[in-house]
Amino acid sequence: MSKFTYMFITCTFLFIIIMSCYGCKQVEYGIDSKCCPMCSPGYFVHRHCTEYTVTTCLPCPSSTFIGEPSGLEKCRSCTTCDTNLGLRIQKNCTSVSDTTCDPLEGNFCSRFSPPSCSLAQKHTQCEPGQYIKQNGTASTDTVCTDCVGDTYSDGSFSTCRSHTQCKLMRKGGTSSSDAECEDVVTIIAIILSLLLLLTMMLIFFWCWEKRNIPV
Ligand SMILES: *[C@@H]1O[C@H](CO)[C@@H](O)[C@H](O)[C@H]1NC(C)=O
Ligand SMILES: *[C@@H]1O[C@H](CO)[C@@H](O)[C@H](O)[C@H]1NC(C)=O
């Protein structure tokens, strides 16, 4: 290798090493080929640093935030928890942290973007013929299960109930409704009334006929 080649290789190496060292330190950001100190969380860059001055930072206006040291010239807008998406505020926005949302009462989170819920859905209502095996929670939907055998539920029960056992059935039970029983006392009362009416009519006709027998 000639001296010249040797020098060339050395210079190239040095150049690469110097270039790789160029770049800003961790708490700095690059701007116009110089490095400026970052602003703290909750602050944005008002004026970049110069040869003679450090970065000027200002606090984020309300409803905006920056969560980490940065060279951002604008704070990020706080997320809003949209009730149309089934969401409510879990933690209000601060200048250093975004809003977090969680599901409204009666909803469960169907899309989770840690640490916040970004979409929630209403809990499923169990159908008639099903019982609520497990109530819905903020993170899980309701679990519905069909009633089987001689049981029923209107969809709101937490267990299937047995059909009433009738002495005299008016309407059979289904998986969504109880059996309806005939009221035995009423039936007996009706039959007795009919018998009484019949007897009175018989007596009436008997008397009437007797009176009209030609003498
Ligand atoms: C969030 O802030 C509002 C007023 O700015 C307040 O009414 C609400 O209760 C706060 N919510 C929580 C979860 O702190
Ligand atoms: C569901 O919640 C209701 C009250 O809201 C309660 O009465 C019922 O026992 C619960 N069901 C289950 C399966 O935990």
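Predicted model: local features only at pLDDT ≥ 70, side-chain atom pairs only at ≥ 80, totals over all residues.

Trainee: How many disulfides does a search of the whole structure find?

Mentor: As a general idea, a disulfide is a covalent bond between the sulfur atoms of two cysteines. A search of the whole structure finds ten disulfides, and one of them joins Cys-81 to Cys-101, with an S to S distance of 2.1 Å. The torsion about that S-S bond is -85 degrees, and the link is left-handed. Cys-81 sits in the loop between strand 6 (76-77) and strand 7 (87-91), while Cys-101 belongs to strand 8 (residues 100-103), so that the pair links distant parts of the chain, 20 residues apart.

Trainee: Are Cys-81 and Cys-101 buried or exposed?

Mentor: Cys-81 counts as buried because its relative accessibility is 15%, under the cut-off of 20%, and Cys-101 is likewise buried, at 4%.

Trainee: Which residues does Ser-116 touch, apart from those up to four places away in sequence?

Mentor: Ser-116, which is found in strand 10, touches Thr-99, Thr-100 and Cys-101 when residues up to four places away in sequence are not counted. The side chain of Ser-116 reaches the backbone nitrogen of Cys-101 at 2.7 Å, and Ser-116 counts as buried, at 11% relative accessibility.

Trainee: Where in the chain do Cys-126 and Cys-144 lie?

Mentor: Cys-126 and Cys-144 form a disulfide with their sulfur atoms 2.1 Å apart, and the torsion about the S-S bond is about -90 degrees, so this disulfide is left-handed. Cys-126 lies in the loop between strand 10 and strand 11 (130-134) and Cys-144 in strand 12 (residues 143-146), so the pair ties together parts that are 18 residues apart in sequence. Cys-126 is buried, with a relative accessible area of 11%, whereas Cys-144 is partly exposed, with 22%.

Trainee: What should I look for in the backbone torsions?

Mentor: Most residues other than glycine have a negative phi, and most peptide bonds are trans. In this model, phi of Asp-32 is near 50 degrees, a positive value in a residue other than glycine, and phi of Ser-33 is near 55 degrees, again positive in a residue other than glycine. Asp-32 is placed in the loop between strand 1 (28-31) and strand 2 (34-37), and Ser-33 lies in the loop between strand 1 and strand 2 as well. Asp-32 is exposed, with a relative accessible area of 63%, and Ser-33 is exposed too, with 66%.

Trainee: Which peptide bond is cis?

Mentor: The bond from Pro-114 to Pro-115 is cis, with omega near 5 degrees, and Pro-115 has its place in the loop between strand 9 (107-113) and strand 10 (116-122).

Key. Residues numbered from 1 in each chain as written. Chains lettered and ligands numbered in written order. Heavy atoms only, no water. Helix = DSSP H or I, 4+ residues; strand = E, 2+ residues; numbered from the N terminus. Buried < 20%, exposed > 50% of the residue type's maximum accessible area, 1.4 Å probe, protein only. Polar contact = N/O pair within 3.5 Å; in protein donor to acceptor, adjacent residues only side chain to side chain. Contact = heavy atoms within 4.5 Å. Disulfide = S-S within 2.5 Å.
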